[in-house]
Amino acid sequence: MCRLETEGTKYGCGHYIITKKLRKLDCENQWCTLSRRHRTPCHNCQCERYYGPDASETITAVRPEFCPECYPFFGQRRR
């Protein structure tokens, strides 16, 4: 599966949120829809559709608060 090199923000809850996708690393697999080698058209496609884990995550900012996904659940609590 293809992977990304990214930049993003690290939050106090531990989550990393991508702010910029720098580069895609192509897996060169014909069974991956994100690869340039994937067949088009691919009838009844059951191929891989998602990126794998990021190849690199560069933290460009650190925020002490909870991320937007965690805040509604944990934002009122003290850490």
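## Strand pairing

Two strands pair if DSSP finds at least two bridges between them. In this predicted model, β1 and β2 are joined by eight bridges and run antiparallel. Strand β1 covers residues 3-11, and β2 covers residues 16-25. The hairpin of β1 and β2 has four residues between the strands. In this hairpin, Gly 14 takes a positive phi near 105°.

On β3, which spans residues 56-63, the pairing with β1 is in the parallel sense and runs over seven bridges.

## The sheet as a whole

The three strands make up an open sheet, and its order is β2-β1-β3. Its pairing is mixed: β1 and β2 run antiparallel, whereas β1 and β3 pair in the parallel sense. The edge strands are β2 and β3, each of which pairs on one side only. Neighbouring strands of the sheet are turned against each other by 15° on average, with direction ignored.

Opposite Thr 6 stands Lys 21 in β2. Thr 6 also stands opposite Glu 57 in β3.

## Aromatic pairs

The count of aromatic pairs comes to two. One of them is formed by Phe 66 and Phe 74, with a centre-to-centre distance of 6.0 Å and an angle of 35° between the planes; this pair is tilted. In the pair of Phe 73 and Phe 74, the ring centres are 6.4 Å apart and the planes stand at 55°, so this pair is tilted as well. The cut-offs behind this label are that planes under 30 degrees apart count as stacked and those over 60 as edge-to-face, with the rest as tilted.

Phe 74 takes part in the pair with Phe 66 and in the pair with Phe 73. Together, Phe 66, Phe 73 and Phe 74 form one aromatic cluster.

## Accessibility within the cluster

The three residues of the cluster, Phe 66, Phe 73 and Phe 74, fall into separate accessibility classes. Phe 66 has a relative accessibility of 16% and therefore counts as buried, since buried means under 20%. Phe 74 has a relative accessible area of 35% and is partly exposed. For Phe 73 the relative accessible area is 62%, so this residue is exposed, the cut-off for that class being over 50%.

Conventions. Residues numbered from 1 in each chain as written. Predicted model: local features only at pLDDT ≥ 70, side-chain atom pairs only at ≥ 80, totals over all residues. Heavy atoms only, no water. Helix = DSSP H or I, 4+ residues; strand = E, 2+ residues; numbered from the N terminus. Axes fitted to C-alpha atoms, helices over the stretch in contact; angles between N-to-C directions. Phe/Tyr/Trp six-rings, centres within 6.5 Å; stacked < 30°, edge-to-face > 60°. Buried < 20%, exposed > 50% of the residue type's maximum accessible area, 1.4 Å probe, protein only.
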